[in-house]
Amino acid sequence: FFGGAEMPSFWDVVKAACKDVPHNCLASIESMENVQTPLGKGRAWIRLAVMEKRLSEYLSAILSNQKLLNEYYESQAAIRCEEGSTVATFIQGLN
């Protein structure tokens, strides 16, 4: 990224969008000593969300936060288009 700043990761989006989800797993992931990078934390979040059968709940929280999505993703990104909500609907079947 320009100016030496770190490039944002999807973990930043997850943290911001899911912090208000009741009983979220964010603190558990942040406290994992063996998971240091944003990519690793994002992967751990996916695993925990699937294990807890809450991935669709978290994705709904992310998709409903349009201000955050506009900040992190370009307008043509799949997560900001209709495809994002379609994927979330399909993921509900994993629960």
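Reader: Which cysteine sulfur is closest to the sulfur of C18, and how far off is it?
Author: It's the sulfur in C25, at 7.8 Å, which is too far for a bond. A disulfide here needs a pair of cysteine sulfur atoms within 2.5 Å.

Reader: And what kind of model is this?
Author: It's a predicted model, where local features need pLDDT of at least 70 and side-chain atom pairs count only at pLDDT 80 or more, while totals for chains, interfaces and linings use all residues. Residues are numbered from 1 along each chain as its sequence is written, and side-chain values use heavy atoms, with hydrogens and water left out.

Reader: OK, what about C81, where's its closest cysteine sulfur?
Author: That one is in C18, 20 Å away, so again too far for a bond. Searching the whole structure turns up zero disulfides.

Reader: Is C18 buried or exposed?
Author: Buried, at 0% relative accessibility. The cut-offs, for a 1.4 Å probe and protein chains only, are under 20% relative accessible area for buried, over 50% for exposed, and partly exposed in between. C81 is partly exposed, at 29%.

Reader: Switching to the core. How many residues are in the largest nonpolar one?
Author: It has 23 residues, and V14, C18, I29, W45, Y58, L59 and I62 have the most contacts inside it. Such a core is a set of buried Ala, Val, Leu, Ile, Met, Phe, Trp, Tyr and Cys residues joined through side-chain atoms within 4.5 Å.

Reader: Which helices supply at least two residues of this core each?
Author: α1, α2 (26-30), α3, α4 (55-64), α5 (66-72) and α6 (82-91). The largest share comes from α4, with six residues. Helices are DSSP runs (H or I, at least four residues; strands are E, at least two), numbered from the N terminus.

Reader: What does I29 touch, leaving aside its neighbours within four places in sequence?
Author: I29 is in contact with W11, K41, A44, W45 and L48. Contact means heavy atoms within 4.5 Å.

Reader: Now the packing. At what angle do α1 and α4 cross?
Author: Roughly 90 degrees, with their axes coming within 9 Å. So α1 is roughly perpendicular to α4. Axes are lines fitted to C-alpha atoms, for helices over the stretch in contact, and angles run from 0 to 180 degrees between N-to-C directions. Under 35 degrees counts as roughly parallel, over 145 as roughly antiparallel, 65 to 115 as roughly perpendicular and the rest as oblique.

Reader: Which residues make the contact?
Author: V13, V14, A17 and C18 from α1 meet Y58, A61 and I62 from α4. By class that contact has seven nonpolar, no polar and no charged residues. Ala, Val, Leu, Ile, Met, Phe, Trp, Tyr, Cys and Pro count as nonpolar, Asp, Glu, Lys and Arg as charged, and the others, Gly among them, as polar.

Reader: And how do α1 and α3 pack?
Author: Helix α1 (residues 10-18) packs on helix α3 (residues 38-51) at about 55 degrees, with the axes 8 Å apart. That makes α1 oblique to α3. F10, W11 and V14 are the α1 side, and P38, L39, K41, G42, R43, W45 and I46 the α3 side. Those residues divide into seven nonpolar, one polar and two charged.

Reader: What's phi doing at H23?
Author: It's positive, near 55 degrees, in a residue other than glycine. H23 sits in the loop between α1 and α2 and is exposed at 73% relative accessibility.

Reader: And where does K53 lie?
Author: In the loop between α3 and α4. K53 has a positive phi of about 60 degrees and isn't a glycine either.
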